[in-house]
Amino acid sequence: MNKKRIAKMMLLANSVLSESGILKEGQNGLFIEESYNGQTAGFGITVAMSGLLPALVIYYQQASDTREINRKNILEAIARMIHQDEEFENHNQISNADSLLAAAIASPTSKSLRKEVLDCAIALKQVIRTYKLRSHEES
């Protein structure tokens, strides 16, 4: 990604944090659960190691009682970013985690979708780190 594209993707990432359920408002202002930092960073690695479709399926699963966050929110954020990214040719077809997973199932070897998802994940990871991260114990 070039600098202009990185800046654009970071703006998109910042714009979807609240509506995706990642950014919260607490007594001391806006915050993000600390686990989102690691889970978002790990998403790109999961895509690289397992492929796009397996990574999406893993993150699509709802949070359990033992997990502090809902990883599906990361996919929601990525899907909303893709929907707003007019440079991606199929951006109108993807608007949430469900449609993102459906697009990956329909075209599991799509290099353009894989690249777009990774670009979004990288920008999301960078933006998450600009907010106050709160540990689960601080809740």
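A residue counts as buried under 20% relative accessible area, as exposed over 50% and as partly exposed in between (1.4 Å probe, protein chains only). By that rule Tyr59 is buried, with a relative accessible area of 3%. This is a predicted model, in which local features need pLDDT of at least 70, side-chain atom pairs count only at pLDDT 80 or more, and totals for chains, interfaces and linings use all residues. Residues are numbered from 1 along each chain as its sequence is written, and side-chain values use heavy atoms, leaving out hydrogens and water.

**Around Tyr59 and Tyr60**
- The count of aromatic pairs comes to 1 (Phe, Tyr and Trp rings, the six-membered one for Trp, with centres within 6.5 Å; planes under 30 degrees apart are stacked, over 60 edge-to-face, the rest tilted).
- Phe43 and Tyr59 form this edge-to-face pair, 5.0 Å centre to centre with 80° between the planes.
- The partners are 16 residues apart, with Phe43 in helix H2 (residues 34-50) and Tyr59 in helix H3.
- Phe43 is buried too, at a relative accessible area of 0%.
- The charged end of Arg71 sits over the Tyr59 ring, 4.6 Å from its centre (CZ of Arg or NZ of Lys within 6 Å of the ring centre and within 35 degrees of the ring normal).
- Lys72 places its charged end over the ring of Tyr60, 4.3 Å from the centre.

**Where H3 meets H4**
- Helices here are DSSP runs (H or I, at least four residues), numbered from the N terminus.
- Leu56, Tyr59 and Tyr60 of H3 contact Lys72, Ile74 and Leu75 of H4 (heavy atoms within 4.5 Å).

Key
Helices (H or I, at least four residues) and strands (E, at least two) are DSSP runs, numbered from the N terminus.
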